[in-house]
Amino acid sequence: MPKKEKKIDLHHLTPEESLKYEIAEELGLLDKVLENGWKQLSAKETGRIGGLVTKRKRELQEEAGRQ
């Protein structure tokens with residue numbers, strides 16, 4: 001029997017989780033994630049999200065370094 005996933009509260013996320021959900025929304029995958037969980041995404045979809053998270057973090061670090 002599959003485990004019941006806990007309900008996601010999009011208003012109480014860590015900054016890293018928030019970024020991940022934001023990118024999923026930009027890619028049109030947020031509804032799929034909220035309905036079925038992260039495990040239901042394909043490897044291509046999770047790789048795309050992970051790549052964009054890494055890119056966005058790098059950009060934020062570069063901006064912080066310039067200030």
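Guide: What follows is a short talk about helix packing, salt bridges and the surface.

Visitor: What kind of model is it, and how are residues numbered?
Guide: This is a predicted model, where local features need pLDDT of at least 70, side-chain atom pairs count only at pLDDT 80 or more, and totals for chains, interfaces and linings use all residues. Residues are numbered from 1 along each chain as its sequence is written, and side-chain values use heavy atoms, with hydrogens and water left out.

Visitor: At what angle do α1 and α3 pack?
Guide: The angle between α1 and helix α3 (residues 43–66) is about 120°, and their axes are 10 Å apart. That makes α1 oblique to α3. Helices here are DSSP runs of H or I with at least four residues, numbered from the N terminus. Axes are lines fitted to C-alpha atoms over the stretch in contact, and angles run from 0 to 180 degrees between N-to-C directions. Under 35 degrees counts as roughly parallel, over 145 as roughly antiparallel, 65 to 115 as roughly perpendicular, and the rest as oblique.

Visitor: Is the crossing of α1 and α3 left-handed or right-handed?
Guide: The crossing of α1 and α3 is right-handed. The term means that the near helix is turned clockwise from the far one by less than a right angle.

Visitor: How many salt bridges does the structure hold?
Guide: There are 4 salt bridges, each being a side-chain nitrogen of Lys or Arg within 4 Å of a carboxyl oxygen of Asp or Glu. One of them joins the side chains of Arg56 and Glu22, at 3.2 Å from N to O. That pair links distant parts of the chain, with Arg56 in helix α3 and Glu22 in helix α1, 34 residues apart.

Visitor: Which residues are linked with Arg56 in a network?
Guide: Glu22 and Glu26 are linked with Arg56 in a network of salt bridges. Glu26 meets Arg56 at 2.9 Å, N to O. Glu26 lies in helix α1 and Arg56 in helix α3, 30 residues apart.

Visitor: What about Lys32, what does it pair with?
Guide: The side chain of Lys32 forms a salt bridge with that of Glu45, at 3.1 Å from N to O. Lys32 is in helix α2 (residues 30–36) and Glu45 in helix α3, so the pair ties together parts that are 13 residues apart in sequence.

Visitor: Changing topic: which residues form the nonpolar patch?
Guide: Ile8, Leu10 and Leu34 form the nonpolar patch on the surface, with about 210 Å² of accessible area together. The area comes from the Shrake-Rupley method with a 1.4 Å probe, and for residues only the protein chains shown count as cover. Patches take residues with over 30% relative accessible area and no salt bridge; like charges are joined within 9 Å, nonpolar side chains (Val, Leu, Ile, Met, Phe, Trp, Tyr) within 5 Å.

Visitor: Where is Leu10?
Guide: Leu10 is in the segment before α1 (15–26). Leu10 counts as partly exposed because its relative accessibility is 37%. Buried means under 20% relative accessible area, exposed over 50%, and partly exposed in between, with a 1.4 Å probe and protein chains only.

Visitor: And is Ala43 buried or exposed?
Guide: Ala43 counts as exposed, at 67% relative accessibility. Ala43 is found in helix α3.

Conventions:
Helices (H or I, at least four residues) and strands (E, at least two) are DSSP runs, numbered from the N terminus.
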